[in-house]
Amino acid sequence: MNLKPGVGKTTSAVWLAHALHESGLSPLLVDGDPAASALRWSELASGFPFPVIALPVGDVHRRVNDFLGNRQAVVLDAPQLEDHPRIARSIMRYAGEWIVPVTPAPIELDRMAPIRGEMADVQSLRAEPARSAVLLNRTNRPDATRTGPDADAREALTERGFEVLATQIARLDLYAQSFGNTVQAKGSAYMDFAEELIKRQDEA
């Protein structure tokens, strides 16, 4: 989830779903964006090895379970909050974990204050609070590096009260140019991302 488009929400959702699949889980990918980018990606790639459904509606939280079957995980690709607040908030009402992809740039960090407000509003509608975390995306240095602008962004977000995932997604053509192509998550940062989320779920 995020306020703005173009922060890597769909790329993160598609790669995460593939990583969960390759980890032995059976995911369902829900495309909640009216632009239907995840669904179109699956069509161009001649299908994904798991179901993808388009559900760009304001009551996603009431409908997802109708499509679950025996799926072990659900990945929801939310539209930007500023343009489609009803859909995005409905997805937030359903999802147990909210992931906010953030590029380590000052303008992106500045947008985090209103995101915190949105989170607080939706938490009040839930029976149980959702977990939330920031995924540093399109980072300037390799995943293992924790210095320079990426480290500054991590520190700034932590100081503002956000939990930042240990996994970082580097700025690579492998991810940036992957739309419409077959995805192999093994060995990628998105596999680390999936493993970190699974661990968080187990701990919860």
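Is Phe-48 buried or exposed? With a relative accessible area of 13%, Phe-48 is buried. Buried here means under 20% relative accessible area, exposed means over 50%, and partly exposed is in between, with a 1.4 Å probe and protein chains only.

A word on what you are looking at. This is a predicted model, in which local features need pLDDT of at least 70 and side-chain atom pairs count only at pLDDT 80 or more, while totals for chains, interfaces and linings use all residues. Residues are numbered from 1 along each chain as its sequence is written, and side-chain values use heavy atoms, with hydrogens and water left out.

Back to the rings. Searching the whole structure gives seven aromatic pairs. Rings of Phe, Tyr and Trp (its six-membered ring) pair if their centres lie within 6.5 Å; planes under 30 degrees apart count as stacked, over 60 as edge-to-face and the rest as tilted. Phe-48 and Phe-50 make a tilted pair, at 5.5 Å centre to centre and 45 degrees between the planes. Phe-50 is buried too, its relative accessible area being 5%. Elsewhere, Trp-15, Tyr-175, Tyr-190 and Phe-193 are linked into a cluster by ring pairs.

Next, the strands. Helices (H or I, at least four residues) and strands (E, at least two) are DSSP runs, numbered from the N terminus. Two strands pair if DSSP finds at least two bridges between them.

Strand S1 covers residues 27–31, and five of its five residues are buried. Pro-27, Leu-29 and Asp-31 point one way from S1, and Leu-28 and Val-30 point the other way. S1 pairs in parallel with strand S3, residues 73–77, over five bridges, and there Leu-28 stands opposite Val-74. S1 also runs parallel to strand S2, residues 52–54, joined by three bridges; Val-30 has Ile-53 as its bridge partner in S2.

S4 and S5, residues 131–139, are paired over six bridges, and Ile-99 stands opposite Ala-133 in S5. Contact means heavy atoms within 4.5 Å.

Helix H4, residues 85–94, has Ile-87, Ala-88, Ser-90, Ile-91 and Met-92 as its buried residues. Their cover includes helix H3 (60–63), S3, S4 and H6.

One last residue. What does the side chain of Glu-97 contact at 2.6 Å? The partner is the side chain of Arg-200, in a polar contact. Another polar contact, of 3.1 Å, joins Glu-97 to the side chain of Arg-131. A polar contact is a pair of N or O atoms within 3.5 Å; within protein, one must be able to donate a hydrogen and the other to accept it, and residues adjacent in sequence count only if both atoms are side-chain atoms. Glu-97 lies in strand S4 and counts as buried because its relative accessibility is 17%.
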